[in-house]
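This briefing is for a reader new to the structure shown below. Please look over the sequence and the model before reading on.

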Amino acid sequence: MTVDRRGQGGSSAGAHCLVTGASGYIGGRLVPDLLEAGHRVRCLARSPDKLRDHPWAPDVETVRGDVTDAASVAAAMDGVDVAYYLVHALGTGGDFEETDRRAARTFAEQAHAAGVRRIVYLGGLTPQGVPEHTLSPHLRSRAEVGRIFLDSPVPATVLRAAVVIGSGSASFEMLRYLTERLPVMVTPSWVHTRTQPVAVRDVLRYLVASATMPADVDRAFDIGGPDVLTYRDMMRRYAAVAGLRRRVIVPVPVLTPRLSSHWVGLVTPVPAGIARPLTESLRHEVVCREHDIAAYVPDAPGRPLPFDEALDLALRRVREAQVATRWSSAAVPGAPSDPLPTDPDWAGGSLYRDERHRAVSASPEALWKVIEGIGGENGWYSFPLAWAVRGWLDRVVGGVGLRRGRRDPQRLRAGDSLDFWRVEEIEPGRLLRLRAEMRLPGLAWLEMRVETDGAGRTGYRQRALFHPRGLLGHAYWWSVSPFHAVVFGGMARNITRAAAGGSVPGGATAAGRGWRTRRRRAGVPN
């Protein structure tokens, strides 16, 4: 097996750490904290290109592989002191528990074979006195993975957290959108269940410190903040911290976790597939039973962070557009991950195209600024109702919809989620290629290029590509192709107009502002 290694690594000081899940919410924040603490970092990733644009990428080594593949895990473990396991298979299908089980066993076995001195795992806090078989599949699988690591010959630190509060976390985004959008809300009965939220800063502090725990430490630790709250308390305290009016909350016991997840999916950017495990974990009280980790990671004054302070920090990061990672940073379970085929006969099938080219009365830099600023609040520059309907349909069938927005209002990097797309390739000033993550009977890409001809004139080239899956895929393409002139033609026309009209800070243009007004009228949230 060939191992793809990238980066130069860091200094020889500190432990040599392997981080899985570096493209995800926690992993993407842990890596720079480990580097700052003086450790060397190697990242195991299925798609190393997703990590290349992170600010810390030049300082780490990246190995291509998958936690379910023993050979790639063995290669990644070579010379490692501490291995962080920050992945899970939730949403990959009905057998995700078996996938989690197999991946954890593979990881533990290869860590032992490589002489790794510690495994660190971030799992979920489980309720006391509740039989494990009655827990949600999400919590049950997290608990089993923790046991696999604790039963292995390699000493393990298993951190168990409930609700993680930080800018961009799924729990924070769910809380934020529910509270901001619904001044009066009918809620499930789980809003009265007590939980113990923890700030992402404290989670990262415990994770980093776990790398230097004594060799005889081999156990699980409950981690949480100082506040024990119901979800109702959290919504009301969020409203207070955010300067909103007091929210009216009316619990309704008939809302099951499944119905709750669809309700959350309608109101927030978090799709039902991700919201469901979050809501299911709130059925039971999850409160820390101990704070023994303080013996190894002493609490500084004011730590762990109080809930209100964690909220304030998260909101500040959102308002300042300083969100390092988001819940959507990791690939959506079940979404296509195949790169754009370079061969028209890729996989032996059809590849449909919609291509547009326009001359632009603007500099290449002005055009690129509009392209890189596309999506999120700036919108897609064409037929907002069509985009809104496509987003709503995607949510109905369990997809991500059009509400994920952007991590940063002006800058993109490889691997970023962008509404129902993901950045597959970006060459600053030249190319932006997006891969669709909405539910489709096939694979789809949208490509935007900045070109310059021999006379120095600027051009815009746009391609939409679709690789159908079966007869349904072909039928899908031909059913929507009559609208391409409006959707894709309008996009090319309005992007070039926006570039010619001149951009202002924040990526807004006259065309963009008008598009957003029409977008709001169509009911698409900003």
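Which residues are buried in helix α11 (residues 364-372)? They are L367, W368, V370, I371 and E372. The model is predicted, and the points below start from the whole protein before turning to its parts.

**Overall make-up**
- The protein contains 15 helices and 20 strands.
- It has 526 residues, and 56% of them count as buried.
- Among contacts with a separation of 6 or more, 75% are between residues 24 or more positions apart.

**Helix α11 and its surroundings**
- The buried residues of α11 pack against several strands, namely β15 (352-360), β17 (421-427), β18 (431-436), β19 (442-452) and β20 (458-468).
- They also pack against a helix, α14 (484-501).
- The buried set in α11 includes W368 and the charged residue E372.

**A nonpolar patch on the surface**
- F383, L385, V389, W392, L393 and V486 make up a nonpolar surface patch.
- Together these residues have about 520 Å² of accessible area.
- Helix α12 (residues 384-396) gives the most to this patch, with four residues.
- W392 lies in helix α12 and is partly exposed, its relative accessible area being 38%.

- Side chains of opposite charge can pair when their charged atoms come close.
- The model has 34 salt bridges.

**E132 and R147**
- The side chains of E132 and R147 form a salt bridge, with 2.8 Å from N to O.
- E132 lies in the loop between β6 (118-124) and α4 (137-151), while R147 lies in helix α4, so the pair ties together parts that are 15 residues apart in sequence.
- E132 is partly exposed, with a relative accessible area of 30%.
- R147 also counts as partly exposed, at 37% relative accessibility.

**D292 and R219**
- D292 and R219 form a salt bridge whose closest N and O atoms are 3.1 Å apart.
- This pair links distant parts of the chain, 73 residues apart: D292 is in the loop between α9 (272-280) and α10 (307-319), and R219 is in strand β12 (residues 219-222).

**R316 and D312**
- A salt bridge joins the side chains of R316 and D312, at 2.7 Å from N to O.
- Both residues are in helix α10; they are four residues apart, so about one helical turn separates them.
- An α-helix has 3.6 residues a turn, so residues three or four places apart point the same way.
- R316 is partly exposed at 37% relative accessibility, and D312 is partly exposed with a relative accessible area of 32%.

**A network of salt bridges**
- Which residues are linked in a network of salt bridges? The members are R422, E424, R433, R435, E437, E447, R449 and R463.

Methods
Residues are numbered from 1 along each chain as its sequence is written. This is a predicted model: local features need pLDDT of at least 70, side-chain atom pairs count only at pLDDT 80 or more; totals for chains, interfaces and linings use all residues. Side-chain values use heavy atoms; hydrogens and water are left out. Helices (H or I, at least four residues) and strands (E, at least two) are DSSP runs, numbered from the N terminus. Buried means under 20% relative accessible area, exposed over 50%, partly exposed in between (1.4 Å probe, protein chains only). Contact means heavy atoms within 4.5 Å. Patches are made of residues with over 30% relative accessible area and no salt bridge: like charges are joined within 9 Å, nonpolar side chains (Val, Leu, Ile, Met, Phe, Trp, Tyr) within 5 Å. Accessible areas come from the Shrake-Rupley method with a 1.4 Å probe; for residues, only the protein chains shown count as cover. A salt bridge is a side-chain nitrogen of Lys or Arg within 4 Å of a carboxyl oxygen of Asp or Glu.
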